[in-house]
Number of protein chains: 2
Amino acid sequence: MTTAKRDTYTPETLLSVAVRVFNDRGYDGTSMEHLSKAAGISKSSIYHHVAGKEELLRRAVSRALDGLFGILDEEHARVGRAVRRLEYVTRRMVEVLTAELPYVTLLLRVRGNTGTERWALERRREFDHRVAELMKEAAADGDVRADVEFGLATRLVFGMINSLVEWYRPDGRGVGEREVADAVVRLVFEGLRKEE
Amino acid sequence: MTTAKRDTYTPETLLSVAVRVFNDRGYDGTSMEHLSKAAGISKSSIYHHVAGKEELLRRAVSRALDGLFGILDEEHARVGRAVRRLEYVTRRMVEVLTAELPYVTLLLRVRGNTGTERWALERRREFDHRVAELMKEAAADGDVRADVEFGLATRLVFGMINSLVEWYRPDGRGVGEREVADAVVRLVFEGLRKEE
């Protein structure tokens, strides 16, 4: 038991504590006891807000997934030439990753032992698939190089974008969100080599 | 205790079992008991080969680091225009990652709780720094775009390459090592967009 602290949490603020603990210890390695200690409230207070740690996981990865899927509903992702839509989606993915960093970090680390984890993996695959379809369309338009298989290209581009969770820290001292988004779009579409 | 099995391991074959367990359970989550069960020999038999799990970690990450640093000593990494050397190093990194997949996977997951982990992180940073220097040189030659800061570019390129450990599986049914290396070099240097 922890020392009682007045429970001033909302499900939303409790979530941000839980996500930090999940990312530090891993979801599997986190107990309700760990959550209770990190939040400074009793386990029963936590149960007042949520049914258990799996609900916290579901809410956390939902926030990341809603951010990512939301991109696909935006006008610039729906209207226009496929390669321009792909460029827009790439930039917005970087923006969502940096804005929702702990939530997306958790989503990308989910491995699939519980129902919620398997659901999250399934939704991630669905998102990846939607972006792969966009790349396929851009390739069919002749706007994307044909000498790299589009499924492989999608994985590599996602690899570059998702690597942000490993090193991007929004502390105001390093590179800014805008600079990172510009860099990713330039590298993904134009590559490193300077035009002759 | 496990059921006694005749110990036919060498330090090398024991290492491959240990790396698999470390990657599955995480280094922190692996006990000598887990290693003993996975290898099917007693803990004292393991101690006959190595001083403990930290020695197994050191040997495993050394194998990955030796592979990576070895690239920098190769002729094409030392001689010629910086951008060509950078291209060579990029291709060889993919080759080392795919050839030494479990060892590099472990290296990339190391977080730094023990002396061996901190040493591995330090060596990784040193390798990253050597490649960043090469990119800086290529930028100074005017061969690499100047509108992406080279430290940021290095991180993003490493992000793309290192993502291989998350999805590349050398099962002979998926994409081949050569196809992946070609794809990475093309995307990193030329980008997705088809030349006009």
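**Labels and the values behind them**

Guide: Glu126(A) has a relative accessible area of 35% and is partly exposed. This is a predicted model, and the values that follow are computed from it.

Visitor: Why is Glu126(A) called partly exposed?

Guide: Buried means under 20% and exposed means over 50%, with partly exposed in between. The 35% of Glu126(A) lies in between, so the label is partly exposed. Arg123(A), at 24%, therefore gets that label too.

Visitor: What makes Arg123(A) and Glu126(A) a salt bridge?

Guide: A salt bridge needs a side-chain nitrogen of Lys or Arg within 4 Å of a carboxyl oxygen of Asp or Glu. The closest N and O atoms of Arg123(A) and Glu126(A) are 3.6 Å apart, so the pair meets the definition. Both residues lie in helix α8 (residues 115-140) of chain A, three residues apart, about one turn of the helix.

Visitor: Why can such side chains pair at all?

Guide: Side chains of opposite charge can pair when their charged atoms come close.

Visitor: Which parts of the chain does the salt bridge between Asp182(A) and Arg91(A) link?

Guide: In this salt bridge the closest N and O atoms are 2.9 Å apart. The pair links distant parts of the chain: Asp182(A) is in helix α11 of chain A and Arg91(A) in helix α6 of chain A, 91 residues apart.

Visitor: Are Asp182(A) and Arg91(A) buried or partly exposed?

Guide: Asp182(A) has a relative accessible area of 17%, which is under 20%, so Asp182(A) is buried. Arg91(A) is at 24%, and therefore counts as partly exposed.

Visitor: What about Glu87(B) and Arg84(B), whose side chains meet in a salt bridge?

Guide: Their N to O distance is 3.7 Å, and the limit is 4 Å, so the pair qualifies. Both lie in helix α6 of chain B, three residues apart. Glu87(B), at 18%, is buried because the value is under 20%. Arg84(B), at 53%, is exposed because the value is over 50%.

Visitor: Which helices supply the side of chain A that touches chain B?

Guide: α6 (82-99), α9 (150-162), α10 (164-167) and α11 (177-190) of chain A each supply at least two residues. α11(A) gives the most, with nine residues. By class, this side has 19 nonpolar, four polar and 14 charged residues.

Visitor: How much area do chain A and chain B bury between them?

Guide: They bury about 3,600 Å², 61% of it on carbon and sulfur atoms. In terms of residues, 37 of chain A are in contact with 37 of chain B.

Visitor: What makes helix α7 (residues 101-109) of chain B mostly covered?

Guide: Seven of its nine residues are buried, among them Tyr103(B), Val104(B) and Leu107(B). The buried residues of α7(B) pack against helices of chain B including α1 (11-25), α4 (53-73) and α8 (115-140).

Visitor: How do you know that Ala64(B) is buried?

Guide: Its relative accessibility is 0%, under the 20% limit, so Ala64(B) counts as buried. Ala64(B) is found in helix α4 of chain B. Leaving aside neighbours within four places in sequence, Ala64(B) is in contact with Tyr103(B), Val104(B) and Leu107(B).

Visitor: Why is Thr90(B) called buried?

Guide: Thr90(B) has a relative accessible area of 4%, which is under 20%, so the label is buried. Thr90(B) is in helix α6 (residues 82-99) of chain B. Not counting residues up to four places away in sequence, Thr90(B) touches Ile161(B), Val184(B), Val185(B) and Phe189(B).

Technical notes. Residues are numbered from 1 along each chain as its sequence is written. Chains are lettered from A and ligands numbered from 1 in the order in which they are written. This is a predicted model: local features need pLDDT of at least 70, side-chain atom pairs count only at pLDDT 80 or more; totals for chains, interfaces and linings use all residues. Side-chain values use heavy atoms; hydrogens and water are left out. Helices (H or I, at least four residues) and strands (E, at least two) are DSSP runs, numbered from the N terminus. Buried means under 20% relative accessible area, exposed over 50%, partly exposed in between (1.4 Å probe, protein chains only). Contact means heavy atoms within 4.5 Å. Buried area is the accessible area (1.4 Å probe) that two parts lose on being put together, summed over both. Ala, Val, Leu, Ile, Met, Phe, Trp, Tyr, Cys and Pro count as nonpolar, Asp, Glu, Lys and Arg as charged, and the others, Gly among them, as polar.
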